[in-house]
Amino acid sequence: MNPIISAAELAHELAGTTPPVLLDVRYRLGGPHGRPEYEAGHIPGAVFIDLDAELAGPPGAGGRHPLPDVAAFGAVMRRAGISTGTPVVVYDGDKGWGAARAWWMLRWAGHDDVRVLDGGLAAWTGPLETAVPDPKEGTFEPKPGALPLLDADEAAATARDGLLLDARAGERYRGEVEPLDPVAGHIPGAVSAPTTENVDAEGRFLAPEQLAARFRALGADEADRAVGVYCGSGVSAAQQAIALELAGFRPALYAGSWSEWSNDPDRPVATGPERG
């Protein structure tokens, strides 16, 4: 299934006989909470999902946004009205990171019919509402493992033997700045691939052939070569996972990402512009 949906396609499906469940996952790294913006206006019927509280576990040794408890995640999705087979569309209001995290979590937990609104809320030209919906409880039961997931050792192996993409800004990859985590730099062997280069000026994903060309240039040109992706805390890397899927690759996500890696003093760190 195509991991993204246009605003026009979404409007058509919402007017149909089996409209998708809508999830609003507005989130900004270090910014204000998304709930007030949601309450000020959202796509009709959308349910707000709190990324920090509902799409991640408590921060700690596993990183700033470790995966949440699977049972708790399933309960959140059921409260949003999701059942097995229910079409789901996720959106946010910024860079697509929050929506991508929800997309990845649902896909990883075994829900196949989930897409991200391409361009986010800014692409939506239909009406907004302020009413908070009360959907009927769904029946979705997570079955983790439908998408590949890496731990720290597997990420290191992918960087060594395959292709591990670092989705953070280039200056964080190079170790020039580090605003959030205790150590600056990147996983040795990883390749810099900022998420900003996956989208156009309006925040819409580039065409699949453009994305394929981008990732081939970064080294994803061998059919049997493992491809992994990480970022600061496993959020923006999910946007990169969507871009890789659009390009025809099946990436594995290192959910702990740099926030887990850099908290372990025994893990090596590379700096500079080149593959370490």
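**Exercise 1. Find the residue just after helix α8 that takes a positive phi, and state its angle.**

Solution. Helices here are DSSP runs of H or I with at least four residues, strands are runs of E with at least two, and both are numbered from the N terminus. Just after α8 comes Gly 219, whose phi is positive, at about 120 degrees. The model is a predicted one, in which local features need pLDDT of at least 70 and side-chain atom pairs count only at pLDDT 80 or more, while totals for chains, interfaces and linings use all residues. Residues are numbered from 1 along each chain as its sequence is written, and side-chain values use heavy atoms, with hydrogens and water left out.

**Exercise 2. Determine which residues of helix α8 are buried, and what they pack against.**

Solution. Begin with the term: buried means under 20% relative accessible area, exposed over 50%, and partly exposed in between, with a 1.4 Å probe and protein chains only. In α8, which spans residues 208–217, the buried residues are Leu 211, Ala 212, Arg 214 and Phe 215. Seen down the axis of α8, these residues fall within an arc of 160 degrees (taken from the directions from the helix axis to the C-beta atoms), so they line one face of the helix. An α-helix has 3.6 residues a turn, so residues three or four places apart point the same way. The face of α8 turned away from the buried side carries the exposed residues Glu 209 and Ala 217. Finally, the buried residues of α8 pack against β7 (163–166) and α9 (236–246), where contact means heavy atoms within 4.5 Å.

**Exercise 3. Describe the surroundings of strand β9, starting with its two faces and then its partner strands.**

Solution. In β9 (residues 227–230), Val 227 and Val 229 on one side are buried, as are Gly 228 and Tyr 230 on the other, and both faces are covered. Next, consider pairing, which requires that DSSP finds at least two bridges between two strands. β7 and β9 pair in the parallel sense over four bridges, and Tyr 230 in β9 is the bridge partner of Asp 166. β9 also pairs in the parallel sense with β10 (residues 252–254), over two bridges, and here Leu 253 in β10 is the bridge partner of Val 229.

**Exercise 4. Give the strand order of the open sheet of five strands.**

Solution. The order is β1-β5-β4-β2-β3, with parallel pairing. At the edges stand β1 (4–5) and β3 (47–48), each with a single partner strand, so one side of each is left without a neighbour in the sheet.
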